[in-house]
Amino acid sequence: MSDKRIQLQKVATDAVQRSGLNNLSFRTLADQVGVKSSSVHYYFPEKGDLAGALIENYTDDFMSKLETIERQKKSLKQKLTSFVKIFEEVSSAEKFCLCGMMAAEIAMLNDTNRVLLSQYFNKIEDWLFEQFEKHSDQNASDLDSRNLDSRTLARLTLSGLEGAILLDRVEAKNHRLLAQKKLILSLIA
């Protein structure tokens with residue numbers, strides 16, 4: 001992959017995480033990278049092409065972080081703490097999860113990118129599901145009585161974190177993200 005393409009994707013990722021895909025213009029992107037607008041179109045003929053590349057890269061990066069967590073952390077609590085930390089780092093940089101931001105703008109995505117976005121969320125939920133299943137002995141004992149199976153826990157965990165960083169942006173604080181972290185860790189015996 002060319003250096004300019006990588007640089008364009010990096011700048012575009014940052015821009016989308018801060019203000020969304022809808023607000024991203026190829027002209028502004030070109031200015032920030034120091035190329036002509038036609039150069040951006042060379043690498044990404046349409047905004048949909050750029051969005052797809054961003055989703056794919058973000059997915060790969062996120063999955064790489066999860067693989068690192070899987071290799072380095074032993075307990076469910078350690079894994080979930082590291083998982084939440086990914087969201088805390090995004091929030092502290094005054095950004096959103098790129099895919100969370102694109103989910104908020106789903107109407108402007110083409111079918112291919114909607115599939116990529118769905119795959120991203122499913123991969124993250126699947127990883128969480130596997131962790132809850134693998135460490136089921138560490139889940140709080142009253143979860144079964146509440147019908148909170150591993151798949152439900154995975155969905156609640158991801159949606160809670162995505163929603164928390166979105167709502168916290170309104171007040172420029174991280175109260176909801178901290179509450180979500182507390183809730184997630186309370187699920188562990």
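Q: Which side chains meet Asp168 in a salt bridge?

A: A salt bridge is a side-chain nitrogen of Lys or Arg within 4 Å of a carboxyl oxygen of Asp or Glu. In this predicted model, the side chain of Asp168 meets that of Arg176 in a salt bridge, at 3.5 Å from N to O. The model is read with set limits: local features need pLDDT of at least 70, side-chain atom pairs count only at pLDDT 80 or more, and totals for chains, interfaces and linings use all residues. Residues are numbered from 1 along each chain as its sequence is written, and side-chain values use heavy atoms, with hydrogens and water left out.

Q: Is Asp168 buried or exposed?

A: Buried means under 20% relative accessible area, exposed over 50%, and partly exposed in between (1.4 Å probe, protein chains only). Asp168 counts as buried because its relative accessibility is 2%. Lys182 counts as exposed, at 66% relative accessibility.

Q: How many salt bridges does the structure hold?

A: The structure holds nine. One of them joins Lys95 and Asp14, with the closest N and O atoms 2.8 Å apart. This pair links distant parts of the chain, 81 residues apart: Lys95 is in the loop between H5 and H6, and Asp14 is in helix H1. Helices (H or I, at least four residues) and strands (E, at least two) are DSSP runs, numbered from the N terminus. Lys95 is buried, at 19%, whereas Asp14 is partly exposed, at 27%. Asp14, Arg18 and Lys95 are linked in a network of salt bridges.

Q: Which residue forms a salt bridge with Asp126?

A: Arg151 does, and the closest N and O atoms are 2.9 Å apart. Asp126 lies in helix H7 and Arg151 in helix H8, so the pair ties together parts that are 25 residues apart in sequence.

Q: What is a nonpolar core?

A: A nonpolar core is a set of buried Ala, Val, Leu, Ile, Met, Phe, Trp, Tyr and Cys residues joined through side-chain atoms within 4.5 Å. In soluble globular proteins, nonpolar side chains tend to be buried together. Here the largest core has 55 residues, and Phe62, Phe83, Phe87, Cys99, Met102 and Leu128 touch the most other members. The largest share of this core, nine residues, comes from H4.

Q: Which residues is Phe87 in contact with, leaving aside its neighbours within four places in sequence?

A: Contact means heavy atoms within 4.5 Å. On that basis Phe87 is in contact with Phe62, Leu158, Leu161, Glu162, Ile165 and Leu177.

Q: How much space lies in the largest pocket?

A: On a 1 Å grid over the protein atoms alone, a pocket is an open set of points where a 1.4 Å probe fits, with protein on both sides within 12 Å along at least five of seven lines; lining residues have an atom within 4 Å of a point. Grid points are joined across faces, edges and corners, and a volume is the space filled by probe spheres set on the points. About 400 Å³ lies in the largest pocket. Of its 18 lining residues, the closest to its centre are Thr13, Gln17, Tyr58, Asp61 and Lys65.

Q: Which residues line the second largest pocket?

A: Among them are Lys95, Ile165 and Asp168. H8 gives the most to this lining, with three residues.
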